[in-house]
Amino acid sequence: MELSWFKKGTIYQIYPRSFNDTNNDGIGDLRGIIEKLDYLKSLYVDILWLSPIFSSPNDDNGYDISDYCAIMPEFGTMEDFDELLRETHKRGMKLVLDLVANHCSDEHVWFEEAKKSKKNPYRDYFHWRKPAPDGGPPNNWKSFFGGSAWEYDKPSGEYYLHLFTKKQPDLNWENQKVRQEIYSAMRFWLDKGVDGFRMDVIPLISKREEYPDAPNVGFRQIIEDVYANGPKVHDYLKEMNKEVIDHYDAFSLAEGVGINDKNAGLYINHDRKELDMLYHFDILECTIVNGKFEEATIFDLTNMKSIFKKWRDAVHEKGWLANALGNHDFARMISRFGDDDKYWSESAKMLFMMQATQNGTLNIYQGDEIGMTNIVLDSIEEVRDVQSLNFYNENLQSQKYSIGYALERINKEGRDNARTPVQWSDEINGGFSTHKPWLKINSNYNKINVKNQDQDKNSILNFYRRLLKTRKQYDVFVYGDFEELEFDNPNVYIYKKTYGDEKILVALNFSTHDTAFAHFNAISEIEVLLNNYQELLLNDGEAILKPYQGIILKID
Ligand code: GLC
Ligand code: CA
């Protein structure tokens, strides 16, 4: 197996709008990140991934780019960026940008030109189709964020495709010029010295010819079969690699939307020279149905174990994964998979023990290192996320669900949960800004904040630091072979990992009661590497795990 720098590394995702505000306008900025670089370094993370920082009208908070080579003025200037990159590198960390190449903003000059006439040279940068015979959209495709994926352009009498909001027209990758535009934007940043890209919805770039209607199946299946994995996606990725990435010491992390364990290898197997790694959606979506948050399912540990196993088997020694339990598109991991109330600290630490001992590059999200939790938004006026707003408005119209239910689901699974400002201290607005933040801060910032936890040696924050430091010392955390014990036990997750001479045993109690497990007889020497409780109850070869207790043992 090739051991590259990014494999053992930890990626820390920053959502710049919510990270740290230095000019007090209520919006995080690049100088805010610079100010916290020493903090980030103190976490033992290696790679910073910034959600988009490019010019954008912010219909989808920067995932609608109007200029790929300019910094969003709210975030600062190109000088700020250059300084951020320099200072990141100075501390021995890498910087990765978010490449949104499937679509741009309708305020990008390409689209503004394209709209001018059917003959405009930029017209073919996008997907235009004639109306269906009844004047409606050309096919039945639905946007990820609700409604038709086609928007009518009256002057030309044609529809354009937008798989996300109507302010995010899809780029036409069939057009060689479009690909070259994206490649040159990538080179612009790589020449400055950035270390790679996270690739937004990259499996969607190749569209199926003639835009076939989607069958009447669940949305996830539609994504896999109709929107993602188009006929030329692998040609494009190979070309991108050959023309751009290969010329730099840079890596790519794909957002694996529409990728499953069967076709993942086509994207990430080393010999294919396409993408370096991906994060998939199976864990991220395991408490919702069909990738849509209106329908809930119960969190189930055995299901989670099988997902981890399935993916491990799928990529084994051929490709590479990144492991994420949360990001800016999902509610807070502790609120979804742990207990954000009574066992807040224990479950946050335990979840992190699980994440940090799965094979692959570790991918953590801002605020999870202090156990930030979901927020309660009291009314729709407080909601900022376009996906949640569309969901709410569609429901108002169709009356499919009650308003109360819509808001309940937004609070439970909506994306704003992960986007509330980072809680730095118990000062006004959590030390994020002296100005009212663009999105409400969680009122628990008095209790949950970096400053408190920095001083407390038993805090979640200091546990993250210890765990990340330990993970650097043992290759087995990242590369080890798995042997699972009590696979069908719905309360505990137990596994041994082996890599060369290194062996660890991980035992995690996902329940709220004491749970015994009996695998100590066979273990000769034990060293406790990490334990999220002060004590470990051992009794005649049996260990009793407290609620949400997790241990990582070095064994012989
Ligand atoms: C990705 C991003 C998400 C965005 C969407 C459209 O899923 O992570 O935030 O809304 O792509 O760009
Ligand atoms: Ca600011």
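Here are legends for a set of close-up views of one predicted model.

Residues count from 1 along each chain as its sequence is written, while chains are lettered from A and ligands numbered from 1 in the order in which they are written. Since this is a predicted model, local features need pLDDT of at least 70 and side-chain atom pairs count only at pLDDT 80 or more, while totals for chains, interfaces and linings use all residues; side-chain values use heavy atoms, with hydrogens and water left out.

**View 1. The whole chain, before zooming in.** The chain holds 17 helices and 23 strands (DSSP runs numbered from the N terminus: helices are H or I with at least four residues, strands are E with at least two). Its radius of gyration is 23 Å, close to the 24 Å from the globule rule for 556 residues, so the chain is as compact as a globular protein of that length (the radius is taken over C-alpha atoms, and the rule is 2.2 Å times the number of residues to the power 0.38). Along the principal axes, the C-alpha trace spans about 80 × 50 × 50 Å. Buried residues make up 61% of the 556 (buried is under 20% relative accessible area, exposed over 50%, partly exposed in between, with a 1.4 Å probe and protein chains only). Look at contacts between residues at least 6 apart in sequence, and 70% of them join residues at least 24 apart (contact means heavy atoms within 4.5 Å).

**View 2. The calcium ion, ligand 2.** Five residues hold donors here: D21 (OD), N23 (OD1), D25 (OD), I27 (O) and D29 (OD) coordinate the ion at 2.2 to 2.4 Å. Donors are N, O and S atoms within 2.8 Å of the metal (3.2 Å for Na, K and Ca), and water is not among the atoms, so sites may look incomplete. Read along the sequence, the donor residues follow the spacing D-x1-N-x1-D-x1-I-x1-D. I27 and D29 are both buried.

**View 3. L43 in its loop.** L43 sits in the loop between α2 (37-42) and β2 (47-50). With a relative accessible area of 2%, L43 is buried. Leaving out residues up to four places away in sequence, L43 touches Y12, E369, L461, R465 and L468.

View 4. Helix α6 covers residues 219-227, and its buried residues are F219, I222, I223, E224, V226 and Y227. Part of their cover comes from β13 (292-296). Just after α6 comes N229, with a positive phi of about 60°.

View 5. Most residues other than glycine have a negative phi. Y211, though, has a positive phi near 45°. Y211 belongs to the loop between β9 (196-199) and α6, and at 17% relative accessibility it counts as buried. N429 isn't a glycine either, and its phi is positive at about 50°. You'll find N429 in the loop between α14 (416-419) and α15 (450-455); with 13% relative accessibility, N429 is buried.

View 6. G147 is in the loop between β6 (128-129) and β7 (150-153). Its relative accessibility of 30% makes G147 partly exposed. Setting aside neighbours within four places in sequence, G147 is in contact with W141, K142 and E394.
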